[in-house]
Amino acid sequence: MPHRKTALRLVAPVAVLALALTACGGGDDDTGADAKGEGTTESAAASPSPSQPVSGGDMAQGQSATGKVAEDPGEVTYDVVAQKVEVGTEAEAAKAVADAADAKGKVLATAHIKYTHKSGPALTEGSDVHDGTTVFADGQRGGVLIGASEDAPGCEDPYDVESWKQGESHVFCETYVIPAGVTSVEVHWSEEDGEPYVWKFPQK
């Protein structure tokens with residue numbers, strides 16, 4: 001799988017707000033759930049397949065999910081856990097984007113996700129595991145802020161990780177622009193074509 005964010009990162013010397021994502025809502029998840037469940041209940045109950053494990057669901061804080069990612073040179077199994085979400089201020093959001101008007105009434109939410117290589121080949125040219133991560137606020141997907149997360153304290157740049165062996169962990173971060181004053185921020189991670197695992201972080 002090619003690293004789909006690499007090109008965007010190379011042409012974005014400053015953080016870029018991908019506003020198109022804010023229109024997605026939660027529709028993709030609902031569609032996937034309906035498609036996955038339609039017409040499969042009886043057959044799944046009769047003959048569960050170990051090659052198609054149940055994927056997704058609500059996770060407790062600190063609880064890790066296990067999933068597979070098609071990497072180059074082969075499939076890797078990861079343990080994934082959303083450690084925390086740091087929510088900033090409207091002033092910080094205005095400074096982070098190219099056009100401050102895009103951030104009016106918005107704040108930055110930076111999710112810290114720990115990925116542990118559990119099994120599979122060692123990686124030598126980066127990983128796509130973080131591509132399955134998104135951030136939602138009160139049920140709506142935020143707008144991803146490309147190029148911002150790598151500079152956040154405690155966050156690693158996934159494109160700088162050129163050697164990743166079994167048993168090793170890395171913390172990658174995703175920064176999204178979300179509405180100010182939300183009551184809950186969610187971190188979603190899913191395998192390709194899988195249902196999302198969801199970690200909820202209530203906001204005061």
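Mentor: Start with one cut-off. A residue is buried if its relative accessible area is under 20%, and exposed if that area is over 50%. Keep in mind that this is a predicted model.

Trainee: Why does Gly 126 count as buried?

Mentor: Its relative accessibility is 10%. The cut-off is under 20%, so Gly 126 counts as buried.

Trainee: Where is the place of Gly 126?

Mentor: Gly 126 sits in the loop between strand 5 and strand 6. Its C-alpha atom is 6.5 Å from that of Pro 158, although the two residues are 32 residues apart along the chain.

Trainee: His 130 is in the loop between strand 5 and strand 6 too. What makes His 130 buried?

Mentor: Its relative accessible area is 2%. Buried needs under 20%, so His 130 is buried.

Trainee: Which backbone oxygen lies 3.5 Å from a polar atom of the His 130 side chain?

Mentor: That of Ser 127. The limit for a polar contact is within 3.5 Å, and the distance here is given as 3.5 Å.

Trainee: How do you know that Cys 155 and Cys 173 form a disulfide?

Mentor: Compare the distance with the limit. Their sulfur atoms are 2.0 Å apart. A disulfide needs sulfur atoms within 2.5 Å, so the pair qualifies. A search of the whole structure finds one disulfide.

Trainee: Why is the disulfide of Cys 155 and Cys 173 called left-handed?

Mentor: Look at the S-S torsion. It is about -85 degrees, so this disulfide is left-handed.

Trainee: What does the pair link, and where are the two cysteines?

Mentor: It links distant parts of the chain. Cys 155 is in the loop between strand 8 and strand 9, Cys 173 is in strand 9, and they are 18 residues apart.

Trainee: Cys 155 and Cys 173: buried or exposed?

Mentor: Cys 155 is buried, and Cys 173 is buried as well.

Trainee: What makes strand 9 mostly covered?

Mentor: The count of buried residues. Nine of the 11 residues in strand 9 are buried.

Trainee: How do you know that strand 5 and strand 9 pair?

Mentor: Count the bridges. Pairing takes at least two bridges. Strand 5 and strand 9 are joined by 11 bridges and run antiparallel. His 112 has Cys 173 of strand 9 as its bridge partner.

Trainee: How many bridges join strand 8 to strand 9?

Mentor: Two, again antiparallel. Pairing takes at least two, so strand 8 and strand 9 pair. Here Gly 143 has Val 177 of strand 9 as its bridge partner.

Trainee: Why is strand 6 said to be largely enclosed by the rest of the structure?

Mentor: Five of its five residues are buried, so strand 6 is largely enclosed.

Trainee: Which residues point one way from strand 6, and which the other way?

Mentor: Thr 133, Val 135 and Ala 137 point one way. Thr 134 and Phe 136 point the other way, and all are buried. In a regular strand, side chains alternate between the two faces of the sheet.

Trainee: What joins strand 6 to strand 10?

Mentor: Five bridges, in an antiparallel arrangement. Val 135 has Val 187 of strand 10 as its bridge partner.

Trainee: Over how many bridges do strand 6 and strand 7 pair?

Mentor: Two, in the antiparallel sense. Ala 137 has Gln 140 of strand 7 as its partner. The hairpin of these strands has two residues between them, and Asp 138 takes a positive phi near 50 degrees.

Trainee: What is the order of the open sheet of five strands?

Mentor: The order is 2-11-10-6-7, with mixed pairing.

Trainee: Why do strand 2 and strand 7 stand at the edges?

Mentor: Each has a single partner strand, so one side of each has no neighbour in the sheet.

Trainee: How many bridges join strand 10 to strand 11?

Mentor: Six, with the strands antiparallel. Trp 189 stands opposite Tyr 197 of strand 11.

Trainee: Trp 189 is among the residues with the most contacts inside the largest nonpolar core. How many residues has that core?

Mentor: It has 32 residues. Strand 4 gives the largest share, six residues. A second, separate core of six residues includes Ala 93 and Val 177.

Methods:
Residues are numbered from 1 along each chain as its sequence is written. This is a predicted model: local features need pLDDT of at least 70, side-chain atom pairs count only at pLDDT 80 or more; totals for chains, interfaces and linings use all residues. Side-chain values use heavy atoms; hydrogens and water are left out. A nonpolar core is a set of buried Ala, Val, Leu, Ile, Met, Phe, Trp, Tyr and Cys residues joined through side-chain atoms within 4.5 Å. Buried means under 20% relative accessible area, exposed over 50%, partly exposed in between (1.4 Å probe, protein chains only). Helices (H or I, at least four residues) and strands (E, at least two) are DSSP runs, numbered from the N terminus. A polar contact is a pair of N or O atoms within 3.5 Å; within protein, one must be able to donate a hydrogen and the other to accept it, and residues adjacent in sequence count only if both atoms are side-chain atoms.
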